[in-house]
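Please read the points below with the structure open beside you.

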Amino acid sequence: MLFQEYLRGDFEMYKTVVIEYTPAADSMAEKIEDKSNEMLGKGFELITMTITGGAKAILVFKTKT
């Protein structure tokens, strides 16, 4: 999985996570749920996501405020 970190002016931290190729919707939903719960445990909350035409998902998290 790919992780990138960004800092904004108020020092909230953002992380992006790419869920690799997962063509089945139920499997994709499970991977998104698992990653969201993992990141929540690390202090990040899911703020947005998109599913690409190539059956990948891009999730954006930020630190909980």
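The notes that follow concern a predicted model.

1. Start with the charged surface. Asp-26, Glu-30, Glu-33 and Asp-34 gather there in a patch of negative charge. Asp-26 belongs to helix 1, which covers residues 25-41. The relative accessibility of Asp-26 is 60%, and exposed means over 50%, so Asp-26 counts as exposed.

2. Leu-46, Met-49 and Ile-51 make it up, and together they have about 230 Å² of accessible area. Met-49 sits in strand 3, residues 44-51. Is Met-49 buried, exposed or partly exposed? Its relative accessibility is 35%, so Met-49 counts as partly exposed.

3. Next, look at the loop between helix 1 and strand 3, where Lys-42 is found. Lys-42 has a relative accessible area of 54% and is therefore exposed. Lys-42 and Lys-64 are 22 residues apart in sequence, and their C-alpha atoms are 9.6 Å apart in space.

4. Ala-55 deserves a separate check of its backbone. Ala-55 is not a glycine, yet its phi is positive, at about 60°. Most residues other than glycine have a negative phi. Ala-55 lies in the loop that runs between strand 3 and strand 4, the latter being residues 57-63.

5. Where does Ala-55 fall on the scale of accessibility? The relative accessibility of Ala-55 is 15%. The cut-off for buried is under 20%, so Ala-55 counts as buried.

Definitions and conventions. Residues numbered from 1 in each chain as written. Predicted model: local features only at pLDDT ≥ 70, side-chain atom pairs only at ≥ 80, totals over all residues. Heavy atoms only, no water. Patch = residues over 30% accessible without salt bridge, like charges linked within 9 Å, V, L, I, M, F, W, Y side chains within 5 Å. Areas by Shrake-Rupley, 256 points an atom, 1.4 Å probe, with all protein chains shown as cover. Salt bridge = Lys/Arg side-chain N within 4 Å of Asp/Glu carboxyl O. Helix = DSSP H or I, 4+ residues; strand = E, 2+ residues; numbered from the N terminus. Buried < 20%, exposed > 50% of the residue type's maximum accessible area, 1.4 Å probe, protein only. Lys, Arg positive; Asp, Glu negative; His and termini not counted. Charge placed at Lys NZ, Arg CZ, Asp CG, Glu CD.
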